[in-house]
Amino acid sequence: MSYAVSDSPLFDNLDLAIRSGESVALQGPSGSGKTTLLNCIMGLTRPATGRVEVCGHNLSSLSARRLAAVRQQHVGMVFQFGELLSELSAIDNVAIAALLAGQRRNAAYEHAEGLLRELGVPSTATPAGMLSGGERQRTAVARALITNPALLLADEPTGALDYESRESVADLLFGLPGKHSCALLVVTHDDAVARRADRTFRLRQDRLLEAAA
Ligand SMILES: Nc1ncnc2c1ncn2[C@@H]1O[C@H](COP(=O)(O)OP(=O)(O)OP(=O)(O)O)[C@@H](O)[C@H]1O
């Protein structure tokens, strides 16, 4: 696929397939188009040519409503700063994603509690805005996982964390494809994080190149 900004290509002839159970890191200089590529994969941005397929769905051919449903069902997203609702507790933040996806209230809260326990977030009523950076990112991961997505995307998930939290959140993320059979695509500037991925790609001057293993 390709995408251009003001007639200048951001990426061209880009071809990337990610299998379930696999982790991929995406690196590249600032402004090279990493976030734009994630937006294309989420169906928020339409590529100029080519197509994005998620679980057999060609995103370009879907109505806005179907696209939102496919995204909700198959894709989870973790942002750099967690992007939680800061006044709500961790469990509320996670359960809301399940409620929006149509799960019943009791099941949503049970599922959220189980995931938070598994990911090591203390079960408290503390507003998410008062949790530590690492706890917030773990909560964001739980929120992304509660719909059992086939594809998990993360944009600089450790960029705002100190060394120890970075290590534990990176351990957690890269353990997910094996545990939850999802595919994982992580955008990161951090080589130590990228090294954990099964494959690493660099986006540079409109090309996507795979780094030697
Ligand atoms: N809709 C848009 N309109 C205009 N410019 C855009 C649009 N989307 C992206 N860009 C430009 O495309 C370039 C790539 O942006 P993008 O955020 O994808 O880069 P990035 O590799 O994620 O950068 P960073 O590492 O700094 O987050 C930037 O120069 C950005 O300003």
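## Around the ligand

Helix α1 (residues 34-42) gives the largest share of the shell around the ligand, three residues. Helices here are DSSP runs of H or I with at least four residues, numbered from the N terminus. This is a predicted model, in which local features need pLDDT of at least 70 and side-chain atom pairs count only at pLDDT 80 or more, while totals for chains, interfaces and linings use all residues. Residues are numbered from 1 along each chain as its sequence is written.

The ligand is surrounded by Val5, Leu10, Gly28, Ser30, Gly31, Ser32, Gly33, Lys34, Thr35 and Thr36. By class, two are nonpolar, seven polar and one charged. Ala, Val, Leu, Ile, Met, Phe, Trp, Tyr, Cys and Pro count as nonpolar; Asp, Glu, Lys and Arg as charged; the others, Gly among them, as polar.

## Helices α3 and α5

The axes of α3 (residues 90-100) and α5 (residues 133-145) come within 8 Å and cross at roughly 20 degrees. So α3 is roughly parallel to α5 (angles under 35 degrees). Axes are lines fitted to C-alpha atoms over the stretch in contact, with angles from 0 to 180 degrees between N-to-C directions.

Ala90, Asn93, Val94 and Ala97 of α3 meet Thr139, Ala142 and Arg143 of α5. Contact means C-beta atoms, placed from the backbone, within 7 Å. This contact has four nonpolar, two polar and one charged residue.

## Helices α4 and α5

Helix α4 (residues 105-118) packs on α5 at about 135 degrees, with the axes 9 Å apart.

From α4, Ala112, Leu115 and Leu116 meet Thr139, Ala142 and Leu145 in α5. Five residues of this contact are nonpolar, one is polar and none is charged.

How values were computed:
Near = placed C-beta within 6 Å. Helix = DSSP H or I, 4+ residues; strand = E, 2+ residues; numbered from the N terminus. Parallel < 35°, antiparallel > 145°, perpendicular 65-115°, else oblique. Contact = placed C-beta atoms within 7 Å.
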